[in-house]
Amino acid sequence: MTGQPMQVFEVFRREREGGPMQHAGNLLAPDPELAAHYAREFYGRRQESVRLWIVPRAAIRDLADPDLLQPPFDRDPDLLQPPFDRSFKKPAGYSAEIKRKLAEARARAGGEGAEDDDPVAASGREGVEQA
Amino acid sequence: MTAQAAEQLDQQARDALAGLLLAMADDEFVLGFWDSEWTGIAPVLEEDVAIASLAQDEIGHAQALYRLLTDLQGGDPDRLAFGRPPEEYRHARLLDHPRTDWAFTVARRFLYDTADAARLDALVASAHRPLAEVVAKMRREETYHLLHMHAWVERLAGGGEEPRARLEAALERLWPDARCVLGGLDDAPLVAAGVLAEPLAAVEQRWLDGLARVLEPLALPFPFRRDGDRWEPTKAPPAAGCRGPRRADDFLWLWEQFTMVYRSDPEASW
């Protein structure tokens, strides 16, 4: 069109002051200046953004790019899928484990409410019945 | 428009103001319709969105200007926009040309946007406050229009043989009519009343100052030469009737298009 090959630009936007930059989408343009114009048209002309970043996709490195990391002995470094269970590293994994242990403890103790793993909800239900 | 502001103008200035508002509104309105024709067929999807957005901006400016006019003299903005016969439109002849090819659209928009910017500069401190307020808002959007059209002029000029040839041909063809954007109006009463900061002839000189800085380095057609502190045209001035009433067939076709729905039932409520 203008002699320049078209390139993909990735656009990031900030919705309001203090918010994070988040991926908005992408577009094609022959150069950064027109990419900025189009980014503004796509993601900024209805006051939906207070800031835009326009990044040539070519500048983005993918962790899996074969020329980015050089693992020794041609091994697959497996950086995104570790082979062991690492759920203990996550808050969600911890609370799920606590819930499981609590349910086990209740089962061992026997008695009423053993089926409920949420004592607050259980007491609320009783309250409704009394009324 | 407040009654107080209107009363400050004598009848001659009010008539001239009405003429200015109608001319500006029709300029924006007709350009908006021509450029909206690119919707779906612009060179790339991204430009399709951009040119449609620019066209919508112009329709919005026209709406604000038609309202200023009906505030001044009564009437209905929709009826002004859609309910007149073609010979009553007062847009500049530059806007009678069809959209043609992309280079032609860019050339026309560039000439219009730069002339309009010079005109808005002379209105931003207008004694007619309602106009000054609308102009302040228009300028914010027109700044982006200028950026975008400037980017395209540069790219077509340096984009190889065919884009450049098409841009040059379009500029050559449009130059005489481009001068109509700052012509065809009774500006003396407006300057006297403080509605317009300077005569349109002075606005044209400022417009040409700015254009020379863009077009001369790109060696694009610019049919003026420096004479002391003025630009003198090297070609014949535009023919009479810069703002009608006689219109090219292309505009008559566009008028048929953009008034079609309104004419089908002028009394309908939208």
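**Asp101(B) and its partner**

I began with Asp101(B), which is partly exposed at a relative accessible area of 21%. The model is predicted, so I read side-chain pairs only at pLDDT 80 or more. I then looked for the partner of Asp101(B) and found a salt bridge to Arg166(B), 2.9 Å from N to O. The two ends sit in distant parts of the chain, 65 residues apart. Asp101(B) is in the loop between helix 4 and helix 5 of chain B, and Arg166(B) is in helix 7. Arg166(B) counts as partly exposed, at 40% relative accessibility.

**Arg93(B)**

Next I looked up Arg93(B), in the loop between helix 4 (77–82) and helix 5 (102–121) of chain B. Is Arg93(B) buried or exposed? I read 16% relative accessibility; the limit for buried is under 20%, so Arg93(B) counts as buried.

I checked what else the arginine reaches. The side chain of Arg93(B) comes to 3.1 Å from the backbone oxygen of Ala240(B). Leaving out residues up to four places away in sequence, I listed the contacts of Arg93(B), among them Cys180(B), Pro238(B), Cys242(B) and Arg247(B).

**Other salt bridges**

I searched the whole structure and got 33 salt bridges over all chains. One network links Asp27(B), Asp116(B), Arg119(B) and Arg243(B). Glu41(A) is buried, with a relative accessible area of 1%, whereas Arg40(A) counts as partly exposed at 29%.

**Nonpolar core**

I turned to the largest nonpolar core, which has 93 residues. Which members touch the most others? I found Leu65(B), Leu131(B), Leu167(B), Trp175(B), Trp207(B) and Phe222(B). Helix 2 (residues 11–36) of chain B gives the most to this core, with 13 residues. I then followed Phe222(B). Beyond four places away in sequence, Phe222(B) touches Trp175(B), Leu208(B), Leu211(B), Ala212(B), Leu215(B), Glu216(B) and Trp231(B).

**Chain A**

I counted three helices and three strands in chain A. From the N terminus, the order is β-β-α-β-α-α. Chain A has 131 residues, and 16% of them count as buried. I also sorted its contacts between residues at least 6 apart in sequence: 40% join residues at least 24 apart.

**Where the chains meet**

How much area do chain B and chain A bury between them? I got about 1,500 Å², with 61% of it on carbon and sulfur atoms. In chain B, Glu46(B), Tyr144(B) and Arg155(B) lose the most area to chain A, together 42% of what that side buries. The contact takes 18 residues from chain B and 15 from chain A.

I counted two salt bridges between the chains. One joins Asp31(A) to Arg155(B), the closest N and O atoms being 2.7 Å apart. I also counted nine residue pairs in polar contact between the chains. On the side of chain B that touches chain A, the elements giving two or more residues are helix 3 (45–73) and helix 6 (129–157). I sorted that side by type: 10 nonpolar, four polar and four charged residues.

Key:
Residues numbered from 1 in each chain as written. Chains lettered and ligands numbered in written order. Predicted model: local features only at pLDDT ≥ 70, side-chain atom pairs only at ≥ 80, totals over all residues. Heavy atoms only, no water. Core = buried A, V, L, I, M, F, W, Y, C linked by side-chain atoms within 4.5 Å. Buried < 20%, exposed > 50% of the residue type's maximum accessible area, 1.4 Å probe, protein only. Helix = DSSP H or I, 4+ residues; strand = E, 2+ residues; numbered from the N terminus. Contact = heavy atoms within 4.5 Å. Buried area = accessible area lost by both parts, 1.4 Å probe. Salt bridge = Lys/Arg side-chain N within 4 Å of Asp/Glu carboxyl O. Polar contact = N/O pair within 3.5 Å; in protein donor to acceptor, adjacent residues only side chain to side chain. Nonpolar A, V, L, I, M, F, W, Y, C, P; charged D, E, K, R; others polar.
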